[in-house]
Amino acid sequence: MRTGAENLLKAATNQKVREQVRLELSFVNSDLQILKEELEGLNISVGVYQNTEEAFTIPLIPLGLKETKDVDFSVVLKDFILEHYSEDSYLYEDEIADLMDLRQACRTPSRDEAGVELLMSYFIQLGFVESRFFPPTRQMGIMFTWYDSLTGVPVSQQNLLLEKASILFNIGALYTQIGTRCNRQTQAGLESAVGAFQRAAGVLNHLKETFTHTPSYDMSPAMLSVLVKMMLAQAQENVFEKICLPGIRNEFFMLVKVAQEAAKVGEVYRQLHAAMSQAPVKENVPYSWASLACVKAHHYGALAHYFAAVLLIDHQLKPGADEDHQEKCLSQLYDRMPEGLTPLATLRNGHQRRLLGKAHLRRAIGHHEESVREASLCKKLRHIDVLQEVLSAAHQRSRLKYAQHQEDDDLLNLMDAPDVLSKTEQEVEIILPQFSKVTATDFFQKLGPLSVFSANKRWTPPRSIHFSAEEGDLGFTLRGNSPVQVHFLDPNCSAALAGAKEGDYIVSIQDVDCKWLTVSEVMKLLKGKGTDGVEMKVVSLLDFTSSMHSKCATYSVGMQKTYSMICLAIDDDDKPDKSKKISKKLSFLSWGTNKNRQKSASTLCLPSVGVARPQVKKKLPSPFSLLNSDSSLY
């Protein structure tokens, strides 16, 4: 609606029309801004998604699920089953109802592993549905509508890929909600939170790499990149909390470790805030998210300087201490030491240690003040009491520590504390979605094996073949997996005379469905009919090359013909008829059989050129014109 109004504003020349459009456009933009702020408040709310246990921890950011409208698959799928598969569509009413029930259940999944499994099973089911009912060259007329989780703007398309991408986004969003609901007061809860955020990052990254040119802001590549960074940053924050949970011992090496872990968390949040501040995501990222990322960057940066100050001020190098180990740890704490100082000299000189420690405390207090100021500027963050309490307590602790060691001549001995190098014992990383671990059965498997009975293949309507076996000989053999094909058909046998063809797929025998039966099972049915004759139904693929099962260097099922195969085919067409060897034509389906083992199974067995080519120039088709025309997913 907004886009249409903007286009009308550009095209209109009448001043009254332009004023009316401006007025309507202002109302639309105002409503969208209100909706965006409401969604932001819901996503940042502590009470909706956060853990219900009383905890003195900074809140985490979850993603809200994308909402959708109802979709009726029944009419379109029934028509397609009747038209494309030549089957009674009413036999599939239960399967269509199961699909629609599954979609409805995915709109309100539970915030646990069962909810994730539900969404994954529907995502896998959509893959089956796409192969069965959505040919690549035709729109099916089913309108899918999904709402942007950040702005609330609806997107509608007759494209199943929008449905698949939105479900994938919701899987990632559900993982974030699971992570924020974990009990962060236990080791098991923190480990679960780390795993949930890593899996959320994996799903969102998979969405970014698999579905491009998405029409929704929340699924644009730039926004998904930011969301992946946010999930990994929150996972790194949980790693820090897991290290601190047993308690931070006031011991030199422990404090070095905690300081570097805090610096790592502050670093990833600084990178996240920088990414959120870049166009084009800056306009659509909730302001409270960017503010919280900035708050955490300063907060954990302050903690890094605080713990560095404590290890310098509270711990003197005592006789018998591991001097070399402490020197190595202190040198690894910084990228560079302050001018005039060395690690070993600083450890041995108590005055220098105190000066450097107080310099860290001044930087810690500065970061704390900045985090408190940033939190106060955001209306949403001002109302999160636990956040204000955590920031205030950390700020007061640093100020108290500095006051205990403050001296009158501090202003004369100001020293700049260097940055604390970030380091972590557990580097968080993306965990890719494990769809293979979810068991999902194709609702429409009665249509037959997907390798043959799919939307991108066409075949003749089922033909009834009534024949009898002469002296127990059917007149043909069988080959292939399910479905079974007619092979080595004798042209004079009863089946051939009744209309059977080489390569036909057998779909039923005496009204018994055979699409999923093996060769031995079909042969048993054929041989068990006695002398009364056999009633067999078969179908033939209209695109014959799509039914090839043999391996070849230039063509395989599901791949495009290569340029070399096209040229070979043209060479063969250009030869005069008298140069072609007259022989019994073998079906492509007979490649690799006992009679043709001398032929290579990895190349096309085209006739060799026996005479010079006639001087007739024939324009070769461009290899690029033979590629699929699917330009983008949306």
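This is a predicted model: local features need pLDDT of at least 70, side-chain atom pairs count only at pLDDT 80 or more; totals for chains, interfaces and linings use all residues.
**View 1. Helix H7 packed against helix H8.** H7 covers residues 160-181, and H8 covers residues 187-210. Their axes lie 8 Å apart, at an angle of about 165°. Angles over 145 degrees count as roughly antiparallel, so H7 is roughly antiparallel to H8. The crossing of the two helices is left-handed. From H7, the contact takes in Ala 165, Leu 168, Phe 169, Ile 171, Gly 172, Tyr 175, Thr 176, Ile 178, Gly 179 and Thr 180. From H8, the partners are Ala 193, Ala 196, Phe 197, Arg 199, Ala 200, Val 203, Leu 204, His 206 and Leu 207. By class, the residues of this contact are 13 nonpolar, five polar and one charged.

**View 2. Helix H6 packed against helix H7.** H6 runs over residues 113-133. H6 contributes Glu 113, Gly 115, Val 116, Leu 119, Met 120, Tyr 122, Phe 123, Leu 126, Gly 127 and Glu 130. H7 contributes Leu 160, Leu 161, Glu 163, Lys 164, Ile 167, Leu 168, Asn 170, Ile 171, Leu 174, Tyr 175 and Ile 178. The contact of H6 with H7 is made up of 14 nonpolar, three polar and four charged residues. Leu 168, Ile 171, Tyr 175 and Ile 178 of H7 take part here and also meet H8.

**View 3. Ser 74 in helix H4.** H4 spans residues 74-84, and Ser 74 belongs to this helix. Ser 74 has a relative accessibility of 19%. The cut-off for buried is under 20%, so Ser 74 counts as buried. Setting aside neighbours within four places in sequence, Ser 74 is in contact with Ile 96 and Met 100.

**View 4. Tyr 287 in helix H11.** H11 spans residues 287-313, with Tyr 287 among them. Relative accessibility is 46% for Tyr 287. Partly exposed lies between the buried limit, under 20%, and the exposed limit, over 50%, so Tyr 287 counts as partly exposed. Lys 379 is also shown in this view, 92 residues from Tyr 287 along the chain. The C-alpha atoms of Tyr 287 and Lys 379 are separated by 9.6 Å.

Notes. Residues are numbered from 1 along each chain as its sequence is written. Side-chain values use heavy atoms; hydrogens and water are left out. Axes are lines fitted to C-alpha atoms, for helices over the stretch in contact, and angles run from 0 to 180 degrees between N-to-C directions. Helices (H or I, at least four residues) and strands (E, at least two) are DSSP runs, numbered from the N terminus. Angles under 35 degrees count as roughly parallel, over 145 as roughly antiparallel, 65 to 115 as roughly perpendicular and the rest as oblique. A crossing is left-handed if the near helix is turned anticlockwise from the far one by less than a right angle, and right-handed if clockwise. Contact means heavy atoms within 4.5 Å. Ala, Val, Leu, Ile, Met, Phe, Trp, Tyr, Cys and Pro count as nonpolar, Asp, Glu, Lys and Arg as charged, and the others, Gly among them, as polar. Buried means under 20% relative accessible area, exposed over 50%, partly exposed in between (1.4 Å probe, protein chains only).
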